[in-house]
Amino acid sequence: MRPRPMRADARRNYERLISTARAAFMEHGTNASLDDIARRAGVGSGTLYRHFPTRDDLLHAVLRERIEGLLAHAAEAMREPDPDAALVAWLRGYLDGAMSPRGTSSVLIEAMSPRWSATRLGTAAEAIRDAVGGLLERAQRAGAIRADTDAADLLRLTNAIGVAAERTRDPAGYADRMLVLLFDGLRAR
């Protein structure tokens, strides 16, 4: 059974909440007040919670396009001729998105834990882990990356770089330097 389409005013509120949440998360991080988001969107808290019963639901809605883009980029990267370069490029793109809004890396690390598995973000984190797992396996089969590395560890390390980078003056430069160090350690000798 398909859900009923939203009324026009409900659709406008939904979109305004996502837009306002995106701005609030950029400004205050992923722990921004949900009540403040509702107020800034010009709706009551009840409207926010009717559309997004949990913070996870709102975060997923805000990050949905980015997550879909990452999954599409992983599928494209699987066709790249150099598996090592494809993995590095995908992780750079992942990290660019994981650092904005502030706190996204921390949320993604948490979403990989078993207690989040039944949530939308947990499901998205699992899809991301599977996507990077395919890229990692391909690079391992090519002999480029150590065989004792798994996708979950690689994502945790990458997210840790994102968390650390958020606290620097030059997050992108710092993240790039840390990815180089990470891959120096991951490359097969």
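Helix 4 gives the largest share of the lining of the largest cavity, namely four residues. Helices here (H or I, at least four residues) and strands (E, at least two) are DSSP runs, numbered from the N terminus. This is a predicted model, where local features need pLDDT of at least 70 and side-chain atom pairs count only at pLDDT 80 or more, while totals for chains, interfaces and linings use all residues. Residues are numbered from 1 along each chain as its sequence is written, and side-chain values use heavy atoms, with hydrogens and water left out.

**Overall picture**

- The protein has nine helices and zero strands, which reads along the sequence as α-α-α-α-α-α-α-α-α.
- The C-alpha trace spans about 60 × 45 × 30 Å along its principal axes.
- Out of 189 residues, 46% count as buried; buried means under 20% relative accessible area, exposed over 50%, and partly exposed in between (1.4 Å probe, protein chains only).
- Among contacts (heavy atoms within 4.5 Å) with a separation of 6 or more, 68% join residues 24 or more positions apart.

**The largest cavity**

- Rolling a probe the size of a water molecule over the atoms shows where empty space is left.
- On a 1 Å grid over the protein atoms alone, a cavity is a set of points where a 1.4 Å probe fits but cannot get out; a pocket is an open set with protein on both sides within 12 Å along at least five of seven lines; and lining residues have an atom within 4 Å of a point.
- Grid points are joined across faces, edges and corners, and a volume is the space filled by probe spheres set on the points.
- The count comes to one cavity of 30 Å³ or more, and the volume of the largest cavity is about 60 Å³.
- Its lining is made up of Leu 63, Arg 66, Ile 67, Leu 70, Tyr 94, Gly 97, Ala 98, Thr 104, Leu 108 and Ile 128.
- Two or more of these lining residues come from each of helix 4 (55-77), helix 5 (83-98) and helix 6 (104-111).
- By type, the lining of the largest cavity splits into seven nonpolar, two polar and one charged. Ala, Val, Leu, Ile, Met, Phe, Trp, Tyr, Cys and Pro count as nonpolar, Asp, Glu, Lys and Arg as charged, and the others, Gly among them, as polar.

**The largest pocket**

- The largest pocket holds about 190 Å³ of space.
- Arg 4, Pro 5, Met 6, Arg 7, Ala 10, Asn 13, Thr 47, Arg 50 and His 51 form its lining.
- Helix 1 (8-28) and helix 3 (45-51) each supply at least two of the lining residues, with helix 3 giving the largest share, three residues.

**Aromatic pairs**

- There are two aromatic pairs. Rings of Phe, Tyr and Trp (its six-membered ring) pair if their centres lie within 6.5 Å; planes under 30 degrees apart count as stacked, over 60 as edge-to-face and the rest as tilted.
- Tyr 14 and Phe 52 are a stacked pair, 5.1 Å centre to centre with 25 degrees between the planes.
- That pair links distant parts of the chain, 38 residues apart: Tyr 14 sits in helix 1, and Phe 52 in the loop between helix 3 and helix 4.
- Tyr 14 is buried at a relative accessible area of 14%, and Phe 52 is buried at 1%.
- Trp 90 and Tyr 94 are also stacked, because their ring centres are 5.4 Å apart and their planes at 20 degrees.
- Trp 90 and Tyr 94 are four residues apart in helix 5, so about one helical turn separates them; both are buried.

**Around Tyr 14 and Thr 149**

- Not counting residues up to four places away in sequence, Tyr 14 touches Met 6, His 51, Phe 52, Ala 61 and Arg 64.
- Thr 149, in the loop between helix 7 (120-141) and helix 8 (151-165), counts as buried at 13% relative accessibility.
- Leaving aside neighbours within four places in sequence, Thr 149 is in contact with Leu 136, Gln 140, Leu 154 and Leu 186.

**UniProt features**

- UniProt (unreviewed entry) places "domain: HTH tetR-type" at residues 11-70, a span that is 82% helix and 0% strand, with end C-alpha atoms 26 Å apart.
- UniProt (unreviewed entry) also places "DNA-binding region" at residues 33-52; there the chain is 75% helix and 0% strand, and the end C-alpha atoms are 13 Å apart.
- UniProt positions are given in the numbering used here, feature names are shortened, and annotations may be inferred rather than shown by experiment.
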